[in-house]
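Here are my notes on the model, point by point. Please read them with the structure open.

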Amino acid sequence: MLLLYYILAARDLDYYLVMALFFSWLGDLLLIPKGHNWFTYGGISFILSHIFFILTYLHNIDLKTAPLMLVIPAALLYYGISFLIIHLIRPTTPKKMLPLMYFYMLCNSTMNLFALVQLAQNRSSGALIAFIGALLFFGSDCFLFLVRYYKKPEVVFRKHFLVMLLYLLGEFLIVLGVLQLR
């Protein structure tokens, strides 16, 4: 539905955003069946989604003037949280899944950093909305890993409800932000 909304609302389609939304949708489908293999396939689809979100943000970014005094501390924070989440789930997660899960969190963190650079360089409501959406997406994934693999999934309030609420709202805000930027 979100992809259809974007296609109908956009004046000029950003095909990178179309691909990001497509791979997010595919990832959603792949996460429905139970099992570690399906979770892995869904994760790979979401990695592709994050790469396409990064390419979407690149339209509005000049990497030569990226504010490193903002990006470096933000990167340390995002990557630190990613490391912490993987550390927390390590004892209860199949060992073969851990490298891909960490790589996934690094991709999501990097997507958030690009959204942050877009905001720092653009300072528009669209860039702010897209950044908030990316931040919610990151939160959703952190909570998803805790709900699925942490020994005490009850640490996440309402478990899958909160995961899905943050994810859906996050992607919706990313789309709204991109629509405002174009």
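1. Helices α4 and α5 cross with right-handed geometry. This is a predicted model, and the points below should be read that way. α4 covers residues 68-89 and α5 covers residues 98-122.

2. How do the axes of α4 and α5 lie? They come within 9 Å and cross at roughly 155 degrees. Angles over 145 degrees count as roughly antiparallel, so α4 and α5 are roughly antiparallel to each other.

3. Which residues make the contact? On the α4 side they are Leu70, Val71, Ala74, Ala75, Tyr78, Tyr79, Ser82, Phe83, Ile86 and Ile89. α5 contributes Leu98, Met101, Tyr102, Met105, Leu106, Ser109, Thr110, Asn112, Leu113, Leu116, Val117 and Ala120. By class, the contact of α4 with α5 has 18 nonpolar residues, four polar and no charged.

4. How many disulfides are there? The count is zero. A disulfide needs two cysteine sulfur atoms within 2.5 Å. The sulfur of Cys107 has its closest cysteine sulfur in Cys142, 14 Å away, so the pair is too far apart for a bond. Cys142 likewise is in no disulfide, and its nearest cysteine sulfur is that of Cys107.

5. Are these two cysteines buried or exposed? Cys107 is buried, at a relative accessible area of 10%. Cys142 is buried too, with 7% relative accessibility. The cut-off for buried is under 20%, so both values qualify.

Conventions: Residues are numbered from 1 along each chain as its sequence is written. This is a predicted model: local features need pLDDT of at least 70, side-chain atom pairs count only at pLDDT 80 or more; totals for chains, interfaces and linings use all residues. Side-chain values use heavy atoms; hydrogens and water are left out. Buried means under 20% relative accessible area, exposed over 50%, partly exposed in between (1.4 Å probe, protein chains only). Axes are lines fitted to C-alpha atoms, for helices over the stretch in contact, and angles run from 0 to 180 degrees between N-to-C directions. Helices (H or I, at least four residues) and strands (E, at least two) are DSSP runs, numbered from the N terminus. Angles under 35 degrees count as roughly parallel, over 145 as roughly antiparallel, 65 to 115 as roughly perpendicular and the rest as oblique. A crossing is left-handed if the near helix is turned anticlockwise from the far one by less than a right angle, and right-handed if clockwise. Contact means heavy atoms within 4.5 Å. Ala, Val, Leu, Ile, Met, Phe, Trp, Tyr, Cys and Pro count as nonpolar, Asp, Glu, Lys and Arg as charged, and the others, Gly among them, as polar.
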